[in-house]
Amino acid sequence: MSEVIKIKKGLDIPLKGKADKVFGQAQLPDLFAIKPTDFNGVVPKMVIKEGEKVKAGSVLFFDKYQPDVKFVSPVSGHLEAVIRGERRKILEVVVKSDGKNETVDFGKEDISSLERDTVVKKMQEAGTWPYLRQRPYDVIAKPEHTPKAIYISGFDTAPLAPDYDFIMTGKEKEFQAGIDVLKKLCENIHIGINDEAASKLYLNTKGVEIHRFRGPHPAGNAGIQIHHVMPVNKGETVWTIQPQEVAAVGKLFTTGKHDFSRTIVVAGSEIKKPAYYHTVMGACIAPYISNNINSDEHVRLISGNVLTGTQVSEEGYLGFYHSQLTAIPEGDDYEFMGWAKPGLGKYSISRTYFSWLQPRKEYRLNANMHGGKRPIVVSGVYEKVLPMDILPEQLFKSILVEDIDKMEQLGIYELAEEDVALCEFVCPSKMNLQKILRNGIELMIKELG
Amino acid sequence: MKALRRFIDKIKPHFEKGGKFEKLHSTFDAFETLLFVPNTTNKEGVHVRDAMDMKRTMATVVLALVPALLFGIWNAGYQHFLATGQEADFWPMVGHGFLKVFPIIVVSYVTGLAIEFIFAQIRGHEVNEGFLVSGMLIPLVLPVDIPLWMVAVATAFAVIIGKEVFGGTGMNIWNPALLARAFLFFAYPAYMSGDTIWISGLTSGEGIVDGFSGATALGTAVTTGNIDKFSFMDSFLGIIPGSIGETSALAILIGAFILIYTGVGSWRIMLSVFAGGFLMALGFNAIGSTPLMQIPAWHHLVLGGFAFGAVFMATDPVSATRTTKGKYIYGFLIGVFSIMIRVFNPAYPEGVMLAILLMNTFAPLIDHFVVESNIKQRLKRASVTA
């Protein structure tokens with residue numbers, strides 16, 4: 001038994017609409033999409049044209065700056081559309097399924113005899129390479145680096161997040177195979193597990209080092225766990241990957257096929273029956289929300305969780321890395337003297353609203369900003385929800401003035417957007433801290449490479 | 001409320017870009033957001049946000065000031081009738097105090113907010129809520145018999161020189177309310193000290209009882225060599241002469257409780273100011289060569305503006321240190337310097353104001369050292385693992 005790392009700072013936002021551990025039934029949609037915007041720093045170059053046939057596993061586009069990093073179609077069918085935004089930036093690459101589910105065969109391998117180069121090549125060919133992301137910067141891993149470790153957070157503490165113990169059930173073999181493959185890339189594999197969960201699958205996995213964590217969100221973030229286990233310093237990299245993706249990598253090498261199936265949780269206060277669903281990466285979300293919304297107000301649909309997810313339309317698509325779909329009220333209405341009311345239904349980490357009288361209440365929080373943007377005035381709030389030895393306010397200020405030395409010294413290498421999402425949630429000045437952090441990271445990449 | 005909303009929506013276009021009253025956009029926005037929490041939703045980043053915003057934060061501080069304000073109003077009346085030797089019931093005292101205190105508050109808010117609105121308009125920003133607190137703090141640190149024009153001049157000075165020249169709320173170096181106080185203290189020293197300004201009516205000399213002195217406890221200590229006239233209990237409850245809001249440690253403690261419990265004010269700063277002041281006073285007790293040194297340490301903490309400064313002034317997040325460790329150092333030094341200046345200042349036996357302004361100046365330096373130590377610690381970690 002390894003010792004338990006207790007995370008004290010942080011916050012579990014008590015949202016309504018947690019999913020039961022049951023599976024909902026829904027038809028797979030016709031449309032699937034891979035969104036280049038899900039990948040930090042990737043500039044997509046299309047490989048095929050609209051109308052061309054694809055199989056599940058055929059390359060759709062690659063990264064202009066790293067041509068070996070390929071992004072593949074999750075289903076067979078044809079390229080339906082390439083949706084572009086401002087300045088012709090590619091937003092969505094949409095594939096229409098033909099329902100035949102033909103897949104590209106990349107060939108089985110005997111994992112024990114594999115070389116590192118073969119693993120890298122195969123993962124790139126099959127489009128599983130983007131699963132590996134690196135700290136610092138939270139961008140897709142660079143194969144030429146040798147990371148000091150590969151880190152897997154085995155649980156998710158974000159609001160309404162899926163229970164990985166539940167969704168990984170039955171995937172023991174693939175997971176172990178995935179770990180064996182990853183060991184060819186880097187010997188050192190760590191898994192962070194929730195001390196309060198059973199985590200049978202992880203505990204039975206061979207060849208990994210287990211770390212136990214206990215505490216509120218963001219305890220489940222890989223970045224937070226890495227900080228406590230093996231902090232990333234200048235010049236070092238640690239790769240991260242999510243449990244379902246490890247299983248997909250395992251399956252690629254044991255069956256020769258890229259497994260795009262995913263288990264997602266559909267949750268949130270506006271969902272009639274919050275539940276888990278079997279689906280496929282990049283699926284159109286329509287089947288999971290049609291007849292499943294219990295509100296007449298405007299509803300905000302989010303691929304991912306309420307802190308880090310991306311807003312999607314009713315016809316939108318699941319994000320590449322997401323295993324969660326959340327629906328909350330939009331809250332785009334005016335509230336009379338809202339700042340002066342007792343505010344029993346309002347959630348705040350402070351006790352400035354009287355909702356602290358009901359400690360166990362679950363809230364139907366909406367997407368309203370609850371106030372206007374202001375300069376930073378109040379101090380000491382970010383520190384309450386960032387369980388790292390980092391001075392968040394000073395770091396953000398160094399980013400705002402583009403002081404690269406300070407950014408480096410104050411720990412920008414250790415942070416990804418998800419780690420500071422709670423700081424953004426509690427910020428009384430309503431700053432966009434995740435955006436600020438990403439700007440800082442982009443500046444670092446530009447200046448330092 | 002729907003009718004009101006409809007009315008606002010109807011007139012709103014006139015204040016938007018290209019509208020008739022485009023120049024008054026900030027003003028319109030300030031009133032609109034005061035009446036209605038805007039319907040803006042999160043566009044990027046987090047989808048849900050904590051319900052606390054700047055308006056609520058500032059409103060909570062104002063709420064925390066209310067006990068001190070109410071007590072100040074009553075005490076203004078009480079001291080007046082005590083000085084003039086008249087018998088009076090509770091309500092006449094409150095009534096007298098109200099008539100004295102309310103105009104000061106009105107002048108402070110009107111002057112300050114007018115300047116805030118003008119500057120927001122010039123900059124094209126939203127009006128900041130910071131002055132809601134400053135506007136209440138300024139009256140509470142002034143003596144009750146102050147001429148109203150002085151309130152206006154001091155407020156204007158504090159808002160323009162103390163805040164707007166630095167870029168508005170969140171950018172200032174010194175606490176604006178204390179700056180107003182300091183301005184008056186140095187610009188009109190004859191008014192701001194002495195025995196008459198602290199009790200309403202004394203400056204104009206209306207029917208004072210023979211032998212009555214309106215001096216504050218600290219002033220009395222200097223002139224008579226002791227403070228026997230002011231018991232610890234009286235000083236704690238606040239039935240002594242002094243600035244409007246500063247006398248009652250009890251009312252201030254209620255405010256402190258509100259600030260700490262809601263999480264708006266920093267308990268670290270409050271605690272360390274009291275700790276620093278107590279230890280310093282204890283040290284002076286041991287020397288004991290002047291009357292002020294002989295005041296017992298615990299009594300020092302409830303006299304003058306010490307408690308008020310510790311709870312409401314030192315904790316102003318903008319002018320205080322911003323790092324957690326820095327807060328302890330900053331608070332402790334405020335406590336130490338408050339008592340030190342109080343004891344050694346020959347001109348005026350009070351030091352809280354100057355101590356806080358001094359430490360405001362040094363707050364960035366303290367933060368700098370805390371940040372540097374964090375950087376060093378992080379570097380050490382790197383060399384250990386390497």
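Predicted model: local features only at pLDDT ≥ 70, side-chain atom pairs only at ≥ 80, totals over all residues.
Is Val420(A) buried or exposed? With a relative accessibility of 1%, Val420(A) counts as buried, where buried means under 20% relative accessible area, exposed means over 50% and partly exposed lies in between (1.4 Å probe, protein chains only).

Residues are numbered from 1 along each chain as its sequence is written, chains are lettered from A and ligands numbered from 1 in the order in which they are written, and side-chain values use heavy atoms, with hydrogens and water left out.

**Around Val420(A)**

Val420(A) belongs to helix H10 (residues 417–426) of chain A; helices (H or I, at least four residues) and strands (E, at least two) are DSSP runs, numbered from the N terminus. Setting aside neighbours within four places in sequence, Val420(A) is in contact with Phe396(A), Leu415(A), Leu433(A), Gln434(A) and Leu437(A), contact being heavy atoms within 4.5 Å.

**Helices H8 and H11 of chain A**

Phe396(A) also takes part in the meeting of two helices: together with Ile399(A) and Leu400(A) in H8(A), Phe396(A) meets Leu433(A), Ile436(A), Leu437(A) and Gly440(A) in H11(A). The residues of this contact divide into six nonpolar, one polar and no charged. Here Ala, Val, Leu, Ile, Met, Phe, Trp, Tyr, Cys and Pro count as nonpolar, Asp, Glu, Lys and Arg as charged, and the others, Gly among them, as polar.

The axes of H8 (residues 392–400) and H11 (residues 433–448) of chain A come within 9 Å and cross at roughly 55 degrees. Axes are lines fitted to C-alpha atoms, for helices over the stretch in contact, and angles run from 0 to 180 degrees between N-to-C directions.

H8(A) is largely enclosed by the rest of the structure, because seven of its nine residues are buried. Among them are Pro392(A), Leu395(A) and Ser398(A). After H8(A) comes Glu402(A), with a positive phi near 55 degrees.

Two pairs of residues can be set side by side by their C-alpha separations.

| Pair | Apart in sequence | C-alpha to C-alpha |
|---|---|---|
| Val420(A) and Thr308(A) | 112 residues | 9.6 Å |
| Thr290(B) and Val343(B) | 53 residues | 8.2 Å |

Thr290(B) sits in the loop between helix H12 (267–287) and helix H13 (291–294) of chain B. At 28% relative accessibility, Thr290(B) counts as partly exposed.
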